[in-house]
Amino acid sequence: MADSIEGRVRNGVDAFLRWLPRWEIGTSRARTKVCRLCLGSPVATAAGFDHEVPHTVQHALLSRMRVIIDEAVEEYTARNLPLVSRELSRAAQPEPAGYKPDEGLALEFQGLEIDPEPEPGQPYLFTLAELAEADRVVPPARAEPSDPAPSSLADAPASYSEEAKAALRTELELADDHARQVGTAVCLALVEHRTRISDAIDRLVEPQIDELLAELSRALENPRSR
Ligand SMILES: [Zn+2]
């Protein structure tokens with residue numbers, strides 16, 4: 001596993017570094033929502049990110065690492081955990097066809113926010129997220145899932161025997177263990193790329209932050225010149 005994770009992390013970092021030159025500092029209003037992917041993430045620590053690295057930059061790398069972990073867990077599940085695989089494919093059907101703006105993107109753009117943060121007072125016609133939402137046909141059976149979390153798999157169908165439920169629970173624990181192992185492997189692999197990442201941040205991100213701060217302090221010193 002370790003080898004393939006290292007290769008995937010290397011590719012993910014490569015893609016992130018190819019994307020980074022396109023990053024432009026926004027008007028940097030703070031996000032209103034806490035990002036569940038990035039907040040307190042050990043992957044961010046492994047990458048060497050500190051709180052001065054803008055969230056959009058951190059998120060772009062972390063979401064790539066997330067995809068690597070998810071794919072590795074899916075592969076492991078498909079190979080080794082027949083009960084969980086069966087429950088997952090049952091839960092996944094029918095997958096409604098529809099507009100999915102965040103699928104099929106080039107590696108550089110995977111996992112990025114599909115819409116910019118809204119600007120107050122600025123009109124817009126629609127966001128891609130709204131389009132995708134409007135296009136989603138929710139089958140009646142899935143309209144109101146009482147517990148959409150994967151742990152709901154543990155509540156196996158009533159037709160399952162106690163024995164089968166216990167087997168399913170064991171498989172779920174194995175899947176959790178594997179996810180933790182892969183997460184650790186991703187972090188360890190990422191540490192190897194810290195220098196490349198911090199060099200790119202110094203070169204492409206820091207100057208933009210410095211420029212923005214300089215602009216702000218000029219504006220504060222000369223409020224009338226703007
Ligand atoms: Zn984030």
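What geometry does the site of the zinc ion have, given the angles among its four donor atoms? I found it tetrahedral, with angles of 104 to 116°; four donors count as such if all angles lie between 85 and 135 degrees.

Ground rules for these notes. The model is predicted, with local features needing pLDDT of at least 70 and side-chain atom pairs pLDDT 80 or more, while totals for chains, interfaces and linings use all residues. Residues are numbered from 1 along each chain as its sequence is written, and side-chain values use heavy atoms, with hydrogens and water left out.

Zinc. I looked up the ligands: Cys35 (SG), Cys38 (SG), His55 (NE2) and His59 (ND1) coordinate the zinc ion at 2.0 to 2.2 Å. Donors are N, O and S atoms within 2.8 Å of the metal (3.2 Å for Na, K and Ca).

α3 and α4. Helices here are DSSP runs (H or I, at least four residues), numbered from the N terminus. I noted that α3 (residues 55–80) and α4 (residues 82–92) pack at about 115°, axes 6 Å apart. Axes are lines fitted to C-alpha atoms over the stretch in contact, and angles run from 0 to 180 degrees between N-to-C directions. The two are therefore roughly perpendicular, a term for 65 to 115 degrees; under 35 is roughly parallel, over 145 roughly antiparallel and the rest oblique. Thr77, Ala78 and Asn80 of α3 touch Pro82, Val84, Ser85 and Leu88 of α4, where contact means heavy atoms within 4.5 Å. I sorted these into four nonpolar, three polar and no charged residues. Ala, Val, Leu, Ile, Met, Phe, Trp, Tyr, Cys and Pro count as nonpolar, Asp, Glu, Lys and Arg as charged, and the others, Gly among them, as polar.

α4 and α6. The axes of α4 and α6 (residues 162–191) come within 8 Å and cross at roughly 95°, so I logged this pair as roughly perpendicular. Pro82, Leu83, Val84 and Glu87 of α4 meet Ala164, Ala167, Leu168, Glu171 and Leu172 of α6. By class I have seven nonpolar, no polar and two charged residues.

α3 and α6. I read an angle of about 140° with axes 9 Å apart; the helices are therefore oblique to each other. From α3 I listed Leu61, Met65, Ile68, Ile69, Ala72, Val73 and Tyr76, facing Leu174, Ala175, His178, Ala179, Val182, Gly183, Val186 and Leu190 in α6. The contact divides into 13 nonpolar, two polar and no charged residues.

Definitions and conventions:
Four donors count as tetrahedral if all angles lie between 85 and 135 degrees; four count as square planar and six as octahedral if opposite donors are over 155 degrees apart and all others between 65 and 115; anything else is irregular.
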